[in-house]
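Keep the sequence at hand.

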Amino acid sequence: MQGVHSFRGGETPPSPAGFFKPRNVDMPFMSSTFSRTASRRSPSPTPSSLYRSVSRKSPEPAASPACLSRNASRRSTTTPIMFSNSTGMMKPPTVEKKLECTLEELCFGCKKKIKITRDAFTNSGQVIQEEEILTIKVKPGWKKGTKITFEGMGNEVKGSHPADITFVIAEKRHPFFRREGDDLELAVEIPLVKALTGCTISVPLLGGEKMDLSIDDEIIHPGFERVIEGQGMPTKDRGRRGDLKLIFLVDFPTKLTNEQKSNAISILENCC
């Protein structure tokens, strides 16, 4: 179980990004909506009650249903307002917060507990600070941008419904791997002598395991790649994972002695 994350008001944690290559390595899909069991919400209005509310408040003759429908449609495209069927209270726009997850959490799933603090009214009408613990079950394969919404968990404001809070999944920067869709990429740097003569390397996997990979039938050149199937991120096809792509970087020496240069020339001058 993960630690408890705290948010206050409209604060937004920083977003992650990036791709890191190690030196000398030897070593889900949908947005979900959650709601609090005991949240204080008013029922959504029905068209008939909305017409009655408008006709009672306006001294002018009531508009025809077709005209009212067109006006409501135009209004909803510009201002996200929800009307109560009795009080006409507005609902503020949804509050968005970033929720950072590691690649491991997004690959294997986890449970996140987030503590929020919001303004709430007591029975006497006094405003108090109320703490809530929200739980999010991160599903394997979720990508950055996945949204999880808690209805009515924003600040309570007089004359308005509480806003919804939406958490947007963001990926933390990983020290080794970079995600590309359902695949993972790993940069591996090896010395020139191993690139020319072959080698066996220990490849780290996202779950913490390692696997040995031997390359002795090819010359490893800059941009050389190898793909390990099924070691990427979970896909929409249940039980399947993407691939792990190894990108090799050859570490050339910065200087050679005259003897080394002479030996290299004698060995390599007829290779190409």
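F150 is buried, with a relative accessible area of 4%. Buried means under 20% relative accessible area, exposed over 50%, and partly exposed in between, for a 1.4 Å probe and protein chains only. F167 is buried too, at 0% relative accessibility. This is a predicted model, in which local features need pLDDT of at least 70 and side-chain atom pairs count only at pLDDT 80 or more, while totals for chains, interfaces and linings use all residues. Residues are numbered from 1 along each chain as its sequence is written, and side-chain values use heavy atoms, with hydrogens and water left out.

A search of the whole structure finds two aromatic pairs. F150 and F167 form an edge-to-face pair, 5.9 Å centre to centre, with 90 degrees between the planes. The rule covers rings of Phe, Tyr and Trp (its six-membered ring): they pair if their centres lie within 6.5 Å, and planes under 30 degrees apart count as stacked, over 60 as edge-to-face and the rest as tilted. This pair links distant parts of the chain: F150 sits in strand β6 (residues 147-151) and F167 in strand β7 (residues 165-171), 17 residues apart. Strands are DSSP runs of E with at least two residues, numbered from the N terminus.

The other pair is F224 with F248. Its geometry is also edge-to-face: 5.5 Å centre to centre, 65 degrees between the planes. F224 lies in the loop between β11 (210-215) and β12 (225-228), and F248 lies in strand β13 (residues 244-251), so the pair ties together parts that are 24 residues apart in sequence. Both F224 and F248 are buried.

Now return to β7. How many residues of β7 are buried? Seven of the seven are, so β7 is largely enclosed by the rest of the structure. In a regular strand the side chains alternate between the two faces of the sheet. In β7, both faces are covered. I165, F167, I169 and E171 are buried on one side, and T166, V168 and A170 are buried on the other.

Which way do the strands run beside β7? Strand β3 (residues 95-101) runs parallel to β7, joined by seven bridges. Two strands pair if DSSP finds at least two bridges between them. F167 in β7 is the bridge partner of K97. Strand β6 runs antiparallel to β7, with four bridges. There, K147 stands opposite V168 in β7.

Next comes an open sheet. Four strands form it, in the order β8-β9-β13-β12, with mixed pairing. Why is one side of β8 and of β12 left without a neighbour in the sheet? Strands β8 (177-180) and β12 stand at the edges, each with a single partner strand, so one side of each has no neighbour there. The twist averages 30 degrees from one strand to the next. Axes are lines fitted to C-alpha atoms, and angles run from 0 to 180 degrees between N-to-C directions. β12 and β13 pair in the antiparallel sense over four bridges. V227 stands opposite K245 in β13.

Finally, the cysteines. A search of the whole structure finds zero disulfides. A disulfide is a pair of cysteine sulfur atoms within 2.5 Å. The sulfur of C101 has its closest cysteine sulfur in C110, at 5.4 Å, which is too far for a bond. C101 is buried at 0% relative accessibility, and C110 counts as buried at 16%.
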